[in-house]
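Subject: Structure for your review

Dear colleague,

Please find below the structure I promised to pass on to you. I would be grateful if you read the notes after it with the structure open beside them.

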Amino acid sequence: MAYFAHPTAIIDDNCIIGEGTKIWHFSHIMSGAVIGNNCNLGQNVVVSSKVVLGNNVRVQNNVSIYEGVICEDDVFLGPSMVLTNVINPRSAVSRKNEFKTTLIKKGASIGANATIVCGNTIGSFAFIGAGTVVTKDVPAYALIIGNPGRQTGWMSEYGYKLKFNENNIAVCEESKQKYILENNEVKRMV
């Protein structure tokens, strides 16, 4: 095996798991799941069929990733955060043909105990605060907090709140990367 799985983890047949990935205690990877290289899945993680995780995805303890979820590279899913896949679940009504796609784009971070309502897209390098409930699409680099989630600022690729000057330029305090805010969109300057 090119990946590590703790002896208590259950890995169903017909999964694709990339090189260098680590799967920890009591986790379950279901048939048809695709997990990239160098991922780390904490204790008690469930990855359902047809889920796609890119490379270098970090999934903390107690996260269930249901069918319909796609995480691009470098995504962080915080402890006990929640992903859904049906808008109006009922125990007595089967809605397996109504799963919504939730896309979490490259570099996005989702804090502990946050909830992402299905059918939404979390933009690249967006930052979802702990306990936030996301009910709509999130722009790239946005900082979202609260219930329902609302945007309170912009974040750098290194996870620092950006402070824009009079020319709509901001500099990340750690990386020194520059960002520009135009038409309510943030882009990293080359």
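The notes below describe what was found in this structure, which is a predicted model.

**A three-stranded sheet**

I begin with an open sheet of three strands, whose order is E23-E24-E25 and whose pairing is antiparallel. Strand E23 (169-171) and strand E25 (185-188) are the edge strands, since each pairs on one side only. On average, neighbouring strands of this sheet are turned by 30° against each other, direction ignored. As background, strands of a sheet pair through backbone hydrogen bonds, in either a parallel or an antiparallel sense.

Strand E24 (residues 178-182) is joined to E25 over four bridges, in the antiparallel sense. Within this pair, Leu-181 has Val-186 in E25 as its bridge partner, and Glu-182 stands opposite Glu-185 in E25. E24 and E25 form a hairpin with two residues between them. In the turn, Asn-183 has a positive phi of about 55°.

**The largest nonpolar core**

The largest nonpolar core has 46 residues, and Val-47, Ile-65 and Leu-77 touch the most other members. Strand E12 (69-71), strand E21 (142-145) and E24 each supply at least two residues of this core. In general, nonpolar side chains tend to be buried together in soluble globular proteins.

Leu-77 deserves a moment of your attention. Leaving aside its neighbours within four places in sequence, Leu-77 is in contact with several residues, including Val-59, Val-63, Ile-65, Cys-71, Leu-83, Ile-104 and Ile-110. Arg-58 and Gln-60 are also among the contacts of Leu-77.

**A buried threonine in a loop**

Thr-132 lies in the loop between strand E19 (127-128) and strand E20 (133-134). Is Thr-132 buried or exposed? Its relative accessible area is 1%, so Thr-132 counts as buried. A polar atom of the Thr-132 side chain lies 3.3 Å from the backbone nitrogen of Gly-146. Beyond its neighbours within four places in sequence, Thr-132 is in contact with Ala-114, Thr-115, Ile-144, Ile-145, Gly-146 and Gly-149.

**The cysteines**

How many disulfides are there? The count comes to zero. A disulfide requires two cysteine sulfur atoms within 2.5 Å. For Cys-15, the closest cysteine sulfur is that of Cys-39, and because it is 13 Å away, it is too far for a bond. The sulfur of Cys-118 is 14 Å from the closest cysteine sulfur, in Cys-71, and therefore too far for a bond. Cys-118 is also buried, with a relative accessible area of 3%.

With kind regards

Notes:
Residues are numbered from 1 along each chain as its sequence is written. This is a predicted model: local features need pLDDT of at least 70, side-chain atom pairs count only at pLDDT 80 or more; totals for chains, interfaces and linings use all residues. Side-chain values use heavy atoms; hydrogens and water are left out. Two strands pair if DSSP finds at least two bridges between them. Axes are lines fitted to C-alpha atoms, for helices over the stretch in contact, and angles run from 0 to 180 degrees between N-to-C directions. A nonpolar core is a set of buried Ala, Val, Leu, Ile, Met, Phe, Trp, Tyr and Cys residues joined through side-chain atoms within 4.5 Å. Buried means under 20% relative accessible area, exposed over 50%, partly exposed in between (1.4 Å probe, protein chains only). Contact means heavy atoms within 4.5 Å. A polar contact is a pair of N or O atoms within 3.5 Å; within protein, one must be able to donate a hydrogen and the other to accept it, and residues adjacent in sequence count only if both atoms are side-chain atoms.
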